[in-house]
Amino acid sequence: MDVRNNRRDMTGASVITANRLLDGRIVWLAPQGWSEAIGQARVFDNAAVEDAIKQARAADTNTVVGIYGVQLDPDATQITPLTVRERIRAFGPTVHPDFAPVETPHVH
């Protein structure tokens with residue numbers, strides 16, 4: 001299991017995240033590549049996420065860095081990370097909405 005997410009259990013779901021090498025932005029593995037929006041992320045059963053992480057690492061060595069899985073909150077109505085740290089990475093800073101990251105479409 002990925003050491004960065006030791007809270008992941010085998011019965012829940014996760015998404016895969018990384019940082020884009022081009023600009024350092026946080027990205028999420030989507031069905032068609034990497035997206036800046038967690039809402040577009042592909043959801044994996046926790047039993048399968050480690051294999052998906054290995055595949056992403058092998059395929060995207062020149063695009064992203066720091067690939068790992070993020071456990072999802074099973075009680076949330078939308079894709080929402082379980083931990084506060086990952087919620088901040090997904091939804092932006094906790095200081096003020098004006099400082100939240102802006103999605104840049106068409107940058108891959």
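Q: Let's start with the sheet. Which residue in β2 is the bridge partner of Asn 19?
A: Happy to begin there. This is a predicted model, so please read every value as computed from it. In β2, Asn 19 has Ile 26 as its bridge partner. That pair belongs to a set of three bridges that join β1 to strand β2 (residues 26–30), and the two strands run antiparallel.

Q: What should I look at in the hairpin of β1 and β2?
A: Look at the stretch between the strands, which has five residues. Within this hairpin, Gly 24 takes a positive phi near 80°.

Q: Which other strands does β1 join by bridges?
A: Strand β5 (residues 64–71) runs antiparallel to β1 and is joined to it by six bridges. As an example, Val 15 has Val 70 as its bridge partner in β5. Strand β4 (residues 44–45) is also antiparallel to β1, with two bridges between them. There, Ala 13 stands opposite Asp 45.

Q: How many residues of β1 are buried?
A: Six of the eight residues in strand β1 (residues 13–20) are buried, so the strand is mostly covered.

Q: Where do nonpolar residues gather, and why?
A: The general idea comes first: in soluble globular proteins, nonpolar side chains tend to be buried together. Here, the largest nonpolar core has twelve residues, including Ile 16, Ala 18, Val 27, Leu 29, Trp 34, Phe 44 and Ile 67. Two or more of its residues come from each of β1, β2, α1 and β5. Helix α1 gives the largest share, four residues. There is also a second, separate core of nine residues, with Ile 38, Ala 41, Tyr 68 and Leu 72 among them.

Q: What is Gly 12 in contact with, beyond its neighbours within four places in sequence?
A: Gly 12 lies in the segment before β1. Setting those neighbours aside, it is in contact with Phe 44, Asp 45, Asn 46 and Gln 71. Take Asp 45: it is 33 residues from Gly 12 in sequence, yet their C-alpha atoms are 6.2 Å apart in space. Gly 12 has a relative accessible area of 21%, so it is partly exposed.

Q: How many salt bridges does the structure hold, and how should I read them?
A: In general, side chains of opposite charge can pair when their charged atoms come close. The structure holds five salt bridges. In one of them, Asp 23 pairs with Arg 20, with the closest N and O atoms 2.8 Å apart. Arg 20 counts as buried at 4% relative accessibility, whereas Asp 23 is partly exposed at 40%. Arg 20 and Asp 23 are also linked with Glu 36 in a network of salt bridges.

Q: Where in the chain are Arg 87 and Asp 73, which form another salt bridge?
A: Their closest N and O atoms are 3.1 Å apart. This pair links distant parts of the chain: Arg 87 is in helix α2 (residues 84–91), and Asp 73, 14 residues away, is in the loop between β5 and α2. Asp 73 is buried, with a relative accessible area of 18%, while Arg 87 is partly exposed at 30%.

Q: What separates Arg 89 and Glu 86 in helix α2?
A: About one helical turn, because they are three residues apart in helix α2.

Key. Residues numbered from 1 in each chain as written. Predicted model: local features only at pLDDT ≥ 70, side-chain atom pairs only at ≥ 80, totals over all residues. Heavy atoms only, no water. Buried < 20%, exposed > 50% of the residue type's maximum accessible area, 1.4 Å probe, protein only. Pairing = 2+ DSSP bridges. Core = buried A, V, L, I, M, F, W, Y, C linked by side-chain atoms within 4.5 Å. Contact = heavy atoms within 4.5 Å. Salt bridge = Lys/Arg side-chain N within 4 Å of Asp/Glu carboxyl O.
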